[in-house]
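Biologist: I am new to reading protein models. Could you walk me through one, feature by feature?

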Amino acid sequence: MSDMEFDSIDQIIAATIGEPGSRTFFVQAKKGEWVITLQVEKDQVAALARAAHQLLTQVGGRDEATEIIKSLERGAGPDDTTPMQDDDPLWVAGSIEIGFDPNKDMAFISLDEYVAEEIDHIPARARFWLSRAQLATFAANALKVVAQGRPICPLCGLPMDPEGHICPASNGHQPGLSI
């Protein structure tokens, strides 16, 4: 598979399918009628959202992105966390890069295909170019998707199942601890 570059995409979202605790995460980008779906890990989505927020803080601007970031900090954000279409991912992402090109005044998100070391295969890359406002909207969406998972234990920071969990911070000796 080769590199794919998408200038000025229409939309990019983080989405999931499945129930909390067994969700599959995706990054989906749309340009015209074409939608590309790449599978990612929950931690990658969270890290990408934080990196997008940090990048937008660095590049600044008095445009729509600033207002979106302010609404994100207040806990607001876009409600659309539903996948654009029920599609199989092209591939699973390994490394992810985010950046900003001041000459284009656009941000980019690059996702490289995960390839096990023992496999002789050149990983594919997808690069999406987006505006500051699109990046801010993506960051808000991604944080919302990550937060829709299982609640986090306040003692150990691990996700809890609906029945609770055996908490390593309490050495498993606090029966009935469930949040």
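Modeller: Let's go through this model from its overall layout to single residues. Please keep in mind that the model is predicted.

Biologist: Let's begin with the layout. How many helices and strands does the protein have?

Modeller: There are three helices and seven strands. Starting at the N terminus, the elements follow the order β-β-β-β-α-α-β-β-β-α.

Biologist: How do I read the contacts across the chain? What share of them join residues at least 24 apart?

Modeller: Take the contacts between residues at least 6 apart in sequence: 56% of these join residues at least 24 apart.

Biologist: And what can I say about inside and outside? What percentage of the residues count as buried?

Modeller: A residue is called buried when its relative accessible area is under 20%. In this protein of 179 residues, 40% count as buried.

Biologist: Which residues touch the most other members of the largest nonpolar core?

Modeller: That core has 35 residues, and Ile12, Leu111 and Phe128 are the ones that touch the most other members. Beyond its neighbours within four places in sequence, Leu111 is in contact with Val27, Leu38, Val40, Trp91, Ala93, Ser95, Ile96, Ala124, Arg125, Ala126 and Phe128.

Biologist: Now for empty space. How does one find it?

Modeller: The idea is to roll a probe the size of a water molecule over the atoms, which shows where empty space is left. Here, the largest pocket holds about 240 Å³ of space. It is lined by 14 residues, and those closest to its centre are Gly21, Arg23, Phe25, Glu41 and Lys42. Strand 3 (24-31), strand 4 (34-40) and helix 1 (42-59) are the elements that each give two or more residues to this lining.

Biologist: How do the lining residues of the largest pocket divide by type?

Modeller: Four are nonpolar, five are polar and five are charged.

Biologist: What about backbone angles? Which value does phi take in Ser8?

Modeller: Phi of Ser8 is near 45 degrees, a positive value in a residue other than glycine. Ser8 sits in the loop between strand 1 (4-6) and strand 2 (11-17), and with a relative accessible area of 42% Ser8 is partly exposed. Asp105 also has a positive phi, near 55 degrees, and is not a glycine. Its place is the loop between strand 5 (93-101) and strand 6 (106-113). At 41% relative accessibility, Asp105 counts as partly exposed.

Biologist: Let's finish with the end of the chain. Where is Leu158 found?

Modeller: Leu158 belongs to the segment after helix 3 (132-147). Its relative accessible area is 41%, so Leu158 is partly exposed. Setting aside neighbours within four places in sequence, Leu158 is in contact with Pro151, Ile152, Cys153 and Pro168. Leu158 and Ala169 are eleven residues apart in sequence, with 9.9 Å between their C-alpha atoms.

Notes:
Residues numbered from 1 in each chain as written. Predicted model: local features only at pLDDT ≥ 70, side-chain atom pairs only at ≥ 80, totals over all residues. Heavy atoms only, no water. 1 Å grid on protein atoms, 1.4 Å probe; cavity = no way out; pocket = protein on both sides within 12 Å on 5 of 7 lines; lining within 4 Å. Points joined across faces, edges and corners; volume = space filled by probe spheres on them. Helix = DSSP H or I, 4+ residues; strand = E, 2+ residues; numbered from the N terminus. Nonpolar A, V, L, I, M, F, W, Y, C, P; charged D, E, K, R; others polar. Core = buried A, V, L, I, M, F, W, Y, C linked by side-chain atoms within 4.5 Å. Buried < 20%, exposed > 50% of the residue type's maximum accessible area, 1.4 Å probe, protein only. Contact = heavy atoms within 4.5 Å.
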